[in-house]
Every structure is written in C-alpha cells, then in structure tokens.
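I opened my notebook to record, entry by entry, what I looked up in this structure. Each entry takes up one topic.

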Amino acid sequence: MDVSLARHWVQNIASAMSRNQEHLTTLDSAIGDGDHGANMARGFFAVRAGLDSGTWSAATAEEILVQTGRTLVSVVGGASGPLFGSAFRALGAALDTEDGTEDDTENGTELGTGTDHEAETDTDATRFAAALAAGLEKIQQLGAAVPGDKTMIDAYAPAYRAFHDAAHSGADFRTAAHAAADAAEAGMRATVAMQAGKGRASYLGLRSVGHQDPGATSTAYVFRALADATEA
Ligand code: ADP
Ligand code: MG
Ligand code: MG
C-alpha cells in the first residue's frame with residue numbers, strides 16, 4: 001500500500017460514513033443507542049480534516065493509518081472508537097514492520113508443484129494481509145468478541161480471510177481488496193440472524209436477532225472503500 005492508496009482509502013471511508021450516517025443511526029437505534037452513525041461520521045470527519053490540513057505527518061501509508069487510528073480513538077466515544085481506532089493504529093504499525101514473509105504456515109498444505117511460492121505472490125498484498133491480521137487481533141484483544149457475536153468482527157474476520165487467501169494464492173492487491181469487500185458485505189448480512197454476545201445489543205438477548213449489526217455494517221464500508229480506492 002502506497003501513500004496515495006492510503007489517502008484514497010481514508011477519504012473513501014470518510015465519504016461512506018457521511019453518506020450512510022443515517023442508515024447506521026437507524027441500525028444502531030434498533031439494537032443499540034442510536035449513535036453509531038454520528039460516531040463514525042464525526043470520527044472520519046476529523047480524520048479527513050487532519051489529512052487535508054497538512055498538520056499530520058502523513059508522508060507514508062503507515063503514518064496515515066496510524067494517525068487515522070489515533071484520531072478515531074481520541075474523537076469517537078463508545079465501543080467503536082477505541083476498537084476501530086486501535087485497529088487502524090495496529091494496522092499502520094504492522095505495515096511498517098511487516099516484511100511479507102511471515103504468515104506462511106499454510107505452505108505445508110499446498111501440493112508441491114516445485115514452484116517458488118514467494119515469487120508468485122504479490123508481496124504488497126501479503127504484507128497488507130498480515131497488517132489486517134494485526135488489526136483484527138487488536139479488536140479481539142480489546143473487545144473479546146468471537147465470530148458469531150454479532151459485531152464488527154463478523155465483517156472483519158471474513159474480509160481478512162478473503163484478502164489473505166487471495167493474496168496468498170497469487171492475486172494482486174486490487175483483486176484481494178475486492179474479495180475482502182465482498183466477504184465483508186456477506187459477513188455484514190449474516191449478522192442479521194445472529195444473537196448479540198457482546199456490546200449494547202447483547203443486553204437485548206434474543207430480541208437482537210433479526211437486525212443487522214451497525215459496526216459490521218460500517219466495517220463493510222471500510223473494506224468497500226479500500227476496493228474502490230484501488231480503482232482510483
Ligand atoms: P456504542 O455501542 O458504545 O454506542 P457504537 O454504537 O459506535 O458504540 O458501536 C456499536 C458497534 O460496536 C456494534 O454494532 C458492534 O459492531 C461493535 N462492538 C460493540 N462491542 C464490541 C466488542 N466487544 N467487540 C467488537 N465489536 C464490538
Ligand atoms: Mg451506539
Ligand atoms: Mg454509544
């Protein structure tokens with residue numbers, strides 16, 4: 001991920017949150033306290049302001065993502081601010097250190113064709129997959145939600161998996177990002193049938209079933225924004 005893609009990604013997220021603010025509010029009103037739209041719109045408005053103002057040190061993709069995370073943590077209250085914010089910070093920090101050769105544990109399951117695995121993968125994409133993993137880990141560490149708890153994890157985890165699998169089977173960044181966006185949207189839709197196990201919606205017990213999770217919805221916007229940014 002280069003600085004231009006990072007910029008476009010963050011700008012696309014900000015537009016999506018502003019455009020869909022009302023929808024997120026409606027979703028959060030059904031199973032939460034109705035502030036998710038305002039939380040995301042306010043957070044990414046501040047992110048865009050920081051990016052546009054030139055006050056950020058934003059010379060690299062890593063810096064942009066870390067600053068995005070910091071801004072979300074400081075500007076957005078509620079559950080989603082610290083969770084999204086810490087995920088972006090971890091993602092940016094991981095991009096800074098990842099050499100793209102780490103998470104290769106699955107190589108052993110491949111049928112040996114004698115081809116050089118590393119040479120066939122797009123290292124920009126595999127590095128980003130590893131950074132996405134760091135973001136996901138952070139959300140799970142902080143929020144202790146597992147897949148099926150009807151949270152942002154239910155969009156993020158399948159998106160990460162799709163990106164990772166695409167990248168590790170030789171897809172380029174753009175293709176992997178589109179696979180991730182599709183998987184996030186499928187995960188988002190799957191939250192409708194789930195009963196919430198974490199967050200405010202869990203207070204509703206069975207009554208949370210039948211509603212789409214707001215955080216999974218905004219997470220799907222984040223991944224669609226990335227796919228769209230690769231087309232810019
Ligand atoms: P709050 O619930 O504090 O008002 P938001 O409305 O901004 O915060 O965000 C709600 C979203 O946060 C939920 O829809 C869910 O996706 C996500 N969320 C809540 N708790 C957790 C958690 N423990 N782990 C992961 N995501 C969570
Ligand atoms: Mg809320
Ligand atoms: Mg709230």
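**Entry 1: a pair of helices**

I looked up how H2 and H3 pack, and found an angle of about 145 degrees with their axes 6 Å apart. For my own reference, axes are lines fitted to C-alpha atoms, for helices over the stretch in contact, and angles run from 0 to 180 degrees between N-to-C directions. Helices (H or I, at least four residues) and strands (E, at least two) are DSSP runs, numbered from the N terminus. On the H2 side the contact is made by Gln-21, Glu-22, Leu-24, Thr-25, Leu-27 and Asp-28, and on the H3 side by His-36, Gly-37, Ala-38, Met-40 and Ala-41, where contact means that C-beta atoms, placed from the backbone, lie within 7 Å. I sorted the residues of this contact into 5 nonpolar, 4 polar and 2 charged; Ala, Val, Leu, Ile, Met, Phe, Trp, Tyr, Cys and Pro count as nonpolar, Asp, Glu, Lys and Arg as charged, and the others, Gly among them, as polar.

I note here that the model is predicted, that local features need pLDDT of at least 70 and side-chain atom pairs pLDDT 80 or more, and that totals for chains, interfaces and linings use all residues. Residues are numbered from 1 along each chain as its sequence is written, while chains are lettered from A and ligands numbered from 1 in the order in which they are written.

**Entry 2: helix H3**

I checked the span of H3 (residues 36–53): its 18 residues should span 26 Å at 1.5 Å a residue, and the end C-alpha atoms are 25 Å apart, which agrees; the expected span is 1.5 Å times one less than the number of residues. Among the buried residues of H3 are Asn-39, Phe-44, Val-47 and Leu-51, where buried means 20 or more other C-beta atoms within 10 Å of a residue's own, exposed 12 or fewer, and partly exposed in between. What covers the buried residues of H3 includes helices H1, H2, H4, H5 and H10. After H3 comes Gly-54, with a positive phi near 80 degrees.

Neither is a glycine, yet phi is positive in Ala-144, near 55 degrees, and in Lys-150, about 65 degrees.

Leaving out residues up to four places away in sequence, Ala-159 touches Ala-180, Ala-183, Ala-184, Gly-187 and Phe-223.

**Entry 3: around ligand 1**

I counted 24 residues around ligand 1, the closest being Gly-78, Ser-80, Gly-143, Gly-199 and Gly-215; near means a C-beta atom, placed from the backbone, within 6 Å. The largest share of this shell, 3 residues, comes from H10. By class, the shell has 9 nonpolar, 9 polar and 6 charged residues.

Note on methods
Contact = placed C-beta atoms within 7 Å.
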